[in-house]
Amino acid sequence: MAGVSEGARAAPDPRLRPFVGDYDGYLLHGFAPGVHIGMPGTRLTVIITIDEPIELPVSCHPDQPGGSWDALASGLTVRPCLIAHHGYQHGIQLALTPLGARALLGVPTAELGSWLVDLGDVLGPRAAELRERLAATARWPARFQILDEFLLGRVCERSIDPELRRAWQLLTGSAGQARVGTVADEIGWSRRYLGARFAAEFGITPKDAARLARFEASHRMLRSAMLARDHARPMDLTLADVAAATGFYDQAHMAREWRELAGMPPSQWLAREVFPFVQEHATPSLEGSQT
């Protein structure tokens, strides 16, 4: 069944760029019912639905059962989740930076962990009010303006230790190429101390941050290749090309990482993925494009 994507993307107000990436609005319909893989990445996920709740039969936390949410937030994880759909999805996805978790949600990334949390548990009653306003507005630009106003009203002065910020930038900004020991040396900490402080702030280890960045880079390249294929253009990248370009030892190494982080090797994902849940995100960083 041929599906239709009628979403939109826009950059937030420049004052929000340290905290959140582009707004991704999606309206997808006409697809065959199925299950979509929610990929892990280096940004926190916030989803606000506009019509039907989002259904996740499998959470990214092993101890959390599946469920449905009108709006949700999730921290960083090294496990995929499963998103069930009936051929239709409508809403907005935000990708928050770790600094955005503190400034907009009022909590460090580690406090959310890999749990799926009702957005109302983080923002209170205003989460439901935001969803109602977005649902009552028909055009994407107006919806994005509502988000700008809401998020600007949420911004509070929060900071992350400069050494931790630098460690995050080195590990994720290099698409996972930086070595943890080298990063520890650069910021003047021991590996053990870096690991403890890093996990307390971000909820994942430095090694997993690098893994996620490398995986994200490979996913981005494969998504672009898949979109080219879907537009009747030849896929000019092989899996071996992607593995080499994104820092894996070889194609087998990339396949192993994909099995752990996506639940399947990339070849299987390419064959199965037909439901473009959201558009691809830009290169992640701790504070948007700032260094």
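Is cysteine 81 buried or exposed? Cysteine 81 counts as buried, because its relative accessibility is 10%. Buried here means under 20% relative accessible area, exposed means over 50%, and partly exposed is in between, with a 1.4 Å probe and protein chains only.

Some ground rules before I go on. This is a predicted model, where local features need pLDDT of at least 70, side-chain atom pairs count only at pLDDT 80 or more, and totals for chains, interfaces and linings use all residues. Residues are numbered from 1 along each chain as its sequence is written, and side-chain values use heavy atoms, with hydrogens and water left out.

Back to the cysteines. The structure holds zero disulfides. A disulfide would be a pair of cysteine sulfur atoms within 2.5 Å. Cysteine 60 is in no disulfide, and its nearest cysteine sulfur, that of cysteine 81, is 5.3 Å away. Cysteine 81 is likewise in no disulfide, with the sulfur of cysteine 60 as its nearest. Cysteine 60 counts as buried, because its relative accessibility is 4%.

Next, the sheet. Helices and strands here are DSSP runs, numbered from the N terminus: helices are H or I with at least four residues, strands are E with at least two. Two strands pair if DSSP finds at least two bridges between them. We have an open sheet of four strands, in the order 4-9-6-7, with antiparallel pairing. Strand 4 (34-38) and strand 7 (65-69) are the edge strands, and each pairs on one side only. On average, neighbouring strands of this sheet are turned by 30° against each other, direction ignored. That angle is taken between axes, which are lines fitted to C-alpha atoms, for helices over the stretch in contact; angles run from 0 to 180 degrees between N-to-C directions.

Look at one pairing. Strand 4 and strand 9 (residues 81-85) run antiparallel and are joined by five bridges. Histidine 36 stands opposite isoleucine 83 in strand 9. Strand 4 also holds valine 35. Valine 35 is partly exposed, because its relative accessible area is 45%. Together, Val35, Val58 and Leu82 make a nonpolar surface patch of about 200 Å². A patch is made of residues with over 30% relative accessible area and no salt bridge; like charges are joined within 9 Å, and nonpolar side chains (Val, Leu, Ile, Met, Phe, Trp, Tyr) within 5 Å. The areas come from the Shrake-Rupley method with a 1.4 Å probe, and for residues only the protein chains shown count as cover.

Now helix 1. How many of the residues of helix 1 (residues 98-105) are buried? Eight of its eight residues are buried, and the helix is mostly covered. Among them are Pro98, Gly100, Arg102 and Leu105. Just after helix 1, glycine 106 takes a positive phi of about 80°.

Side chains of opposite charge can pair when their charged atoms come close. The cut-off for a salt bridge is a side-chain nitrogen of Lys or Arg within 4 Å of a carboxyl oxygen of Asp or Glu. The structure holds 11 salt bridges. Glutamate 201 forms one with arginine 102, and the closest N and O atoms are 2.9 Å apart. Glutamate 201 lies in helix 8 (residues 191-202) and arginine 102 in helix 1, so this pair ties together parts that are 99 residues apart in sequence. Both glutamate 201 and arginine 102 are buried.

A second pair is glutamate 186 with arginine 166, with closest N and O atoms 3.0 Å apart. Here helix 7 holds glutamate 186 and helix 6 holds arginine 166, so parts 20 residues apart in sequence are tied together. Glutamate 186 counts as partly exposed, because its relative accessibility is 47%. Arginine 166 is partly exposed too, with a relative accessible area of 37%.

Another pair is aspartate 22 and arginine 17, whose side chains meet in a salt bridge (3.0 Å, N to O). Aspartate 22 counts as buried at 19% relative accessibility, whereas arginine 17 is partly exposed at 27%. There is also a network of salt bridges, linking Asp208, Arg211, Glu257 and Glu260.

Last stop, the loop between helix 6 (162-173) and helix 7 (180-187), which holds alanine 175. Phi of alanine 175 is near 55°, a positive value in a residue other than glycine. Alanine 175 counts as partly exposed, because its relative accessibility is 23%.
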